[in-house]
Amino acid sequence: MPHSQKRLKMEPAIDAIQLLQQQHREVEEIFAELESTSALNLEKRQDLVRQLVIALEAHTWIEEKILYPAGLEVDPVLTRAAVEEHSLIQHMLHKIVETEADDAAFLPRVKVLKEIVAHHVAEEEAEYFVELQNKLNRRRLADIGIEIHDEFASRTKRLRVVV
Ligand SMILES: [Fe+2]
Ligand SMILES: [Fe+2]
């Protein structure tokens, strides 16, 4: 049996795309919870903003570091558009972090970020991820899956200390 086949059998397979989609669902849950909070519960809002920062920073970082370089070979136009959307997401995220949780602008800003993220996620899931799944070979996707899994865990751990 070739060595690579042996490795595949021994390691649990990690589906990169499934993992990223799971992270999208987690971000959507944080948005839903955040939108249901009241300005009277500042602590809850601050905690959810912190969760959102960690989830979005870690997710966009691993996509840009691990998935998008492969995506650049497959579809440079969509990949560059995705990077631009990430920078828009970062910008809006920082704006929310700077907004007091009881400010009247807080929820409207959360709503704007939620819409930008929803647009980006819909495009990734309906178009970009499908294209990568079809055009990248299985071994490469499996390697990306393992790397995404490990990097997301260590990035999240580091962010929890500093955010
Ligand atoms: Fe993305
Ligand atoms: Fe994503």
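Visitor: Which helix holds Lys-95?
Guide: This is a predicted model: local features need pLDDT of at least 70, side-chain atom pairs count only at pLDDT 80 or more, and totals for chains, interfaces and linings use all residues. Residues are numbered from 1 along each chain as its sequence is written, while chains are lettered from A and ligands numbered from 1 in the order in which they are written. Helices (DSSP runs of H or I, at least four residues) and strands (runs of E, at least two) are numbered from the N terminus. Lys-95 falls in residues 76-98, which form helix 4.

Visitor: Which class does Lys-95 fall in: buried, partly exposed or exposed?
Guide: A residue is buried if 20 or more other C-beta atoms, placed from the backbone, lie within 10 Å of its own; it is exposed if 12 or fewer do, and partly exposed in between. Lys-95 has 13 C-beta neighbours inside 10 Å, so it counts as partly exposed.

Visitor: How far apart in space are Lys-95 and Arg-109?
Guide: Along the sequence, 14 residues separate Lys-95 and Arg-109. In space, C-alpha to C-alpha, the gap between Lys-95 and Arg-109 is 7.9 Å.

Visitor: Which two residues does Val-97 touch, leaving aside its neighbours within four places in sequence?
Guide: Val-97 is another residue of helix 4. It has 14 other C-beta atoms within 10 Å, so it is partly exposed. A contact means C-beta atoms, placed from the backbone, within 7 Å. By that test, the partners of Val-97 are Val-49 and Val-53.

Visitor: What distance separates the end C-alpha atoms of helix 5?
Guide: The expected span of a helix is 1.5 Å times one less than its number of residues. Helix 5 (residues 106-135) has 30 residues, so it should span 44 Å. The value in the model agrees with that: 41 Å.

Visitor: Where is the kink in helix 5 centred?
Guide: The bend at a residue is the angle between axes fitted to the seven residues ending there and the seven starting there. In helix 5 the kink is about 45°.

Visitor: How far is Gln-133 from Ala-16?
Guide: Gln-133 belongs to helix 5. It is partly exposed because it has 13 C-beta neighbours inside 10 Å. Gln-133 and Ala-16 are 117 residues apart along the chain, but their C-alpha atoms are separated by 9.4 Å.

Visitor: What arc do the buried residues of helix 2 cover?
Guide: Helix 2 buries Ala-16, Ile-17, Leu-20, Gln-23, Ile-30 and Leu-34. Taking the directions from the helix axis to the C-beta atoms, they lie on the same side of helix 2, because their arc is only 135°.

Visitor: Which exposed residues sit on the face of helix 2 turned away from its buried side?
Guide: The buried side has helix 3, helix 5 and helix 6 among its cover. The face turned away carries Gln-18, Gln-22, Arg-25, Glu-29 and Ala-32.

Visitor: What share of the protein chain counts as buried?
Guide: The protein chain has six helices and zero strands. Its C-alpha atoms fill a box of roughly 65 × 30 × 25 Å along the principal axes. Of its 163 residues, the share counted as buried is 23%.
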